[in-house]
Amino acid sequence: MKDLFAKCSEEGGYFSYFRMQRDRYFAMPILELPPGPHMVFQGKEMIQWVINDYLGLTVIPEIKEAAIEAANRWGVYSPMGARILSGNTEYHVKLEKMLAKHAGKEDAALFNYGYMGVQGTTHSLIGKDDVIVIDKLSHASMMDAAFATRRFIPFRHNDPHSLELALKRAQRLHDGGIMIMIEGVYGMTGDIANLPPIVDLKKKYGARIFMDDAHGHGTMGKGRGLGFHFGLQDEIDIYFGTFAKAYAAIGGFSAAPEPVCEYIQFNARSQVFAKSLPMVVVYTIIKTMEYLQAHPERYDKLWKNTHKLQNGLREAGFSLGKTQSPVTPVMVPADDFKTGMAFLHKMRDEKHILISGVMYPVVPKGVFLARMIPTAAHTDEDIDKTITAFKEARDEMGLRWGETIEKNGLHHAI
Ligand SMILES: Cc1ncc(COP(=O)(O)O)c(C=O)c1O
């Protein structure tokens with residue numbers, strides 16, 4: 001027999017590559033607070049493109065003041081207890097109603113984290129006869145939820161033909177309901193769900209759609225999400241969002257018909273058996289939603305900055321794959337991982353531009369992305385400086401990325 005802890009010194013685990021680095025540079029970098037477009041990393045001020053603060057809310061004083069007011073009134077401990085027993089408040093109910101209205105649904109159910117929300121929603125709804133049909137490029141929280149049910153069939157990313165085959169198989173092998181799990185905006189690659197044919201197929205096979213719109217909520221469809229972007233929100237049976245990105249907070253929600261939300265609230269074990277979302281968060285998100293209603297220009301600014309950044313990078317010859325959202329992945333040739341890392345080093349150390357590298361196991365093997373998140377808080381100057389730095393770093397390193405990517409077909413891979 002082996003000691004349980006032996007593996008902790010012998011192997012790296014799931015994120016072994018990062019763990020083995022232990023460098024605080026790519027693995028667990030420390031960024032000095034507060035969050036904003038300019039942050040201090042390893043003693044140097046950088047223009048950063050690594051936090052999902054799409055609407056730039058981290059720099060809005062009113063929102064910070066709402067959190068301070070809530071902390072003064074209720075501390076960080078309120079409410080005490082699980083929602084089902086002693087952790088419910090009129091504010092929790094009010095926030096659910098606001099989210100439901102915003103998502104065009106009857107009701108909503110709150111969760112403490114997006115990750116917990118995906119588990120709770122999935123596990124409460126998938127019974128012993130039901131089955132999940134899931135897009136292969138879905139976020140780890142969705143894959144984990146599907147794996148845990150042990151009743152799931154994956155389909156090729158955004159491919160209606162592969163989805164139809166999976167639905168046929170699901171009908172053949174299972175007697176219960178079918179839940180199609182997709183993302184709205186795919187968070188690493190920025191491409192969006194191919195919703196019209198997915199909706200046609202859900203109708204044809206009598207399935208339900210669960211759409212995790214973590215990156216689309218606040219950024220697409222005038223802020224109301226990818227369903228509104230396509231005019232198909234009514235066909236999304238469960239609309240899922242997190243507060244950890246465009247709302248610059250923490251928590252998540254499922255929005256759906258009223259009996260479904262009530263069922264989730266009473267059956268989602270990841271939330272039923274956990275203390276409820278703190279008042280500081282609930283109250284601040286209510287104020288955030290009110291603020292955004294009064295300030296639609298945040299959304300317009302996000303898109304203005306997104307277009308400026310993406311057009312500038314494309315004109316400079318960089319390949320951004322199929323993004324149709326603010327998520328901006330600069331594709332690095334699959335066989336040139338080391339050069340990709342050296343490029344990010346140069347950007348940080350010499351140009352003072354902070355960008356994340358995304359690689360396996362977050363994305364499929366052979367894919368390396370320099371992923372950027374533009375926000376409404378970035379300035380024209382931030383964007384111009386960043387594009388110039390990209391061009392300089394590439395030319396100083398003598399790279400020919402655009403051409404290599406076309407040759408490798410990576411462009412079409414995701
Ligand atoms: C698609 C998707 N779902 C769920 C989550 C988890 O959300 P949270 O950070 O609120 O737990 C994320 C976060 O990365 C995500 O991108």
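By class, how many nonpolar, polar and charged residues does the shell around the ligand have? Before I answer, please keep in mind that this is a predicted model, in which local features need pLDDT of at least 70 and side-chain atom pairs count only at pLDDT 80 or more, while totals for chains, interfaces and linings use all residues. Residues are numbered from 1 along each chain as its sequence is written.

The shell has five nonpolar, seven polar and two charged residues, where Ala, Val, Leu, Ile, Met, Phe, Trp, Tyr, Cys and Pro count as nonpolar, Asp, Glu, Lys and Arg as charged, and the others, Gly among them, as polar. In all, 14 residues surround the ligand, and the closest are G114, H139, A214, T242 and A244; a residue is taken as near when its C-beta atom, placed from the backbone, lies within 6 Å of the molecule. Helix α5, residues 114–125, gives the most to this shell, with three residues. Helices (H or I, at least four residues) and strands (E, at least two) are DSSP runs, numbered from the N terminus.

Let me turn to a sheet. Four strands form an open sheet in the order β1-β2-β3-β12, with mixed pairing, and two strands are said to pair if DSSP finds at least two bridges between them. At the edges stand β1 (31–32) and β12 (353–354), each with a single partner strand, so one side of each is left without a neighbour in the sheet. Between β1 and β2 (residues 38–41), which run antiparallel, there are two bridges, and L31 has F41 in β2 as its bridge partner.

Next come two helices. Helix α3, residues 61–74, has 14 residues that should span 20 Å at 1.5 Å a residue, and its end C-alpha atoms are 20 Å apart, which agrees; the expected span is 1.5 Å times one less than the number of residues. In α3, I63, A66 and A70 are buried, that is, 20 or more other C-beta atoms lie within 10 Å of their own, whereas exposed means 12 or fewer, and partly exposed is in between, with C-beta atoms placed from the backbone. The buried residues of α3 pack against α12 (279–294), with contact meaning C-beta atoms, placed from the backbone, within 7 Å. On the face turned away from that buried side, α3 carries the exposed residues P61, E65, I68 and N72.

Leaving out residues up to four places away in sequence, M188 touches P329, V358, V362, V363, L369 and R371.

How values were computed:
Two residues are in contact if their C-beta atoms, placed from the backbone, lie within 7 Å.
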